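Have the structure open beside you while you read.

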Amino acid sequence: MSRSSKSRSPKCSFCANQQTKGIKIIQGPKDVHICSECISLSLDMIRNPSNHNNSQLNSDGELPTPKQIKAHLDQYVIGQHQAKKRLSVAVYNHYKRLENVRLIEEKQEEVEIQKSNLLLIGPTGTGKTLMAQTLAKFLNVPFAVADATTLTEAGYVGEDVENIVLNLYRAANENIEQTIRGIVFVDEIDKLAKKGASGSTSRDVSGEGVQQALLKIIEGTLANLQSKENKRGGQQQPKQVDTTHILFICGGAFEGLDKIIEQRTGKGRIGFSNEELEDQEAYEERLMKDVSPEDLEKFGLIPEFVGRLPVIAVMEHLEEEQLVEILTQPKNALVKQYQKLFIDEDITLTFTEPALQAIARKAVDRKAGARGLRTILEEIMLDIMYDAPSQKDLKEVIIEEACVLEGAQPKCIFDQPIGIPS
């Protein structure tokens, strides 16, 4: 199926799912559609209402099902259905694992479930950080973000790897019990592996050292929670957190990984349709779905580190239509945020459909994904946001295509005509 025909296919009015091999779309009255996943979730809510009263982890260890987790992610993250499904299952199993650990300690269970940390692979702006952040908020667990490029081994200038756990501890209001139930997202993890200009991989020594340091924390160690001030003073005994049960989600773009997969599989471009041959992104996505631990090792991640990230989810490139949906559909959509700012000034803010499409095209051209949308909007909205609070008779602002493409001023509608000064 070509991308153009796919974009015209009906979508679920509740979660924006499109019809695929595993998802059916049913049409209702007035062009309303519902997918088989939402139907299944609704039936589960009707049959087992007690399981849906609390969407958060509670003291008894109750947690939402994978379908509930994905349904919540659907409200904030457009597309990426396969990645969201993998993430939902892995997170559900992780917190079930914590219950399993408790039973083992009480000698009620003998089989120990291993931790399933995740690796999210995808271009910048595809929603990796947003998915992890939304997930942690939904489950009501502490969350911390770290940038792998700033991390160093102990003893070097930079951010100590153990500071990741310290940041999670602070996010948990310095509660150790909550800290060990938290989620850490480590971005730019691919930058710890260095590729040579010739295409062959040669690991960066400091990068490998950080991988080793991260490995200890991910698989489980006693991390010291001592601030820099205490380190200098040497007065306080640092607190320690066992990281064994903290869920780690790593993310990275992994540019060039598709070439390694292509070389291993020997697929080249044989077996791809003409449309996919013309669409480089579609071609790369199909290759990336075949990623294996062997490919990640060849890219430059050490085998032990790859082994601690057993669940791999590949993010898809965002198309123009999906970027328009990101602008308008999620609960915290950017357009809704700007409209709220103007509502507070008693002004209606409207974006025409051509304007939204032009913004999305600009983001695609910049290869910035959803992350670039806000920068584009800030450029468009700066002057009008500066002037609007001072214009008391201003009632509506309309952002048209020319505002995006030509830098034209938005169309302003006033409550009454304003005289032009002589």
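Predicted model: local features only at pLDDT ≥ 70, side-chain atom pairs only at ≥ 80, totals over all residues.

1. Let me start with the five-stranded sheet. It is open, its strand order is β4-β7-β10-β3-β11, and the pairing is parallel. The strands at the edges are β4 (143–147) and β11 (311–314). Each of these has a single partner strand, so one side of each is left without a neighbour in the sheet. Going from one strand to the next, the twist averages 20 degrees.

2. Within that sheet, have a look at how β3 (residues 118–121) meets β10 (residues 247–252). The two strands run parallel and are joined over four bridges. If you want a residue pair to click on, isoleucine 121 has glycine 252 in β10 as its bridge partner.

3. What lies across β4, β7 and β10? That would be helix α6 (residues 163–171). Its direction is at about 150 degrees to β4, and the β7 strand in question covers 183–187.

4. Now the other sheet, which is also open but has three strands, in the order β12-β13-β14 with mixed pairing. β12 (348–351) and β14 (411–414) are its edge strands, and each of them pairs on one side only. Neighbouring strands here are turned by 15 degrees against each other on average, with direction ignored.

5. β12 and β13 pair in the parallel sense, over four bridges, and phenylalanine 351 sits opposite isoleucine 399 of β13. On the other hand, β13 (residues 394–399) and β14 are antiparallel, again over four bridges. Two residue pairs to check there: valine 397 is bridged to cysteine 412 in β14, and isoleucine 398 has lysine 411 of β14 as its bridge partner.

6. On to helix packing. Two packed helices are described by the angle between their axes and the distance between the axes. For α15 (residues 320–328) and α17 (residues 353–366), the axes come within 8 Å and cross at roughly 115 degrees. The crossing of α15 past α17 is right-handed.

7. Which residues of α15 and α17 make the contact? From α15 there are Glu320, Leu323, Val324, Leu327 and Thr328. From α17 the list is Glu353, Leu356, Gln357, Ile359, Ala360, Arg361, Ala363 and Val364. Sorted by class, this contact has eight nonpolar, two polar and three charged residues.

8. Last, the second largest pocket, with a volume of about 740 Å³. Its lining is made of 25 residues, and those nearest the pocket centre are Tyr76, Gly127, Leu130, Ile326 and Ala370. By class, the lining has twelve nonpolar, nine polar and four charged residues.

9. Which helix gives the most to the lining of the second largest pocket? The answer is α5, with seven residues. Helices α5 (128–139), α16 (334–343) and α18 (371–387) each supply at least two residues of this lining.

Technical notes. Residues numbered from 1 in each chain as written. Heavy atoms only, no water. Pairing = 2+ DSSP bridges. Axes fitted to C-alpha atoms, helices over the stretch in contact; angles between N-to-C directions. Left-handed = near helix turned anticlockwise from the far one by under 90°. Contact = heavy atoms within 4.5 Å. Nonpolar A, V, L, I, M, F, W, Y, C, P; charged D, E, K, R; others polar. 1 Å grid on protein atoms, 1.4 Å probe; cavity = no way out; pocket = protein on both sides within 12 Å on 5 of 7 lines; lining within 4 Å. Points joined across faces, edges and corners; volume = space filled by probe spheres on them.
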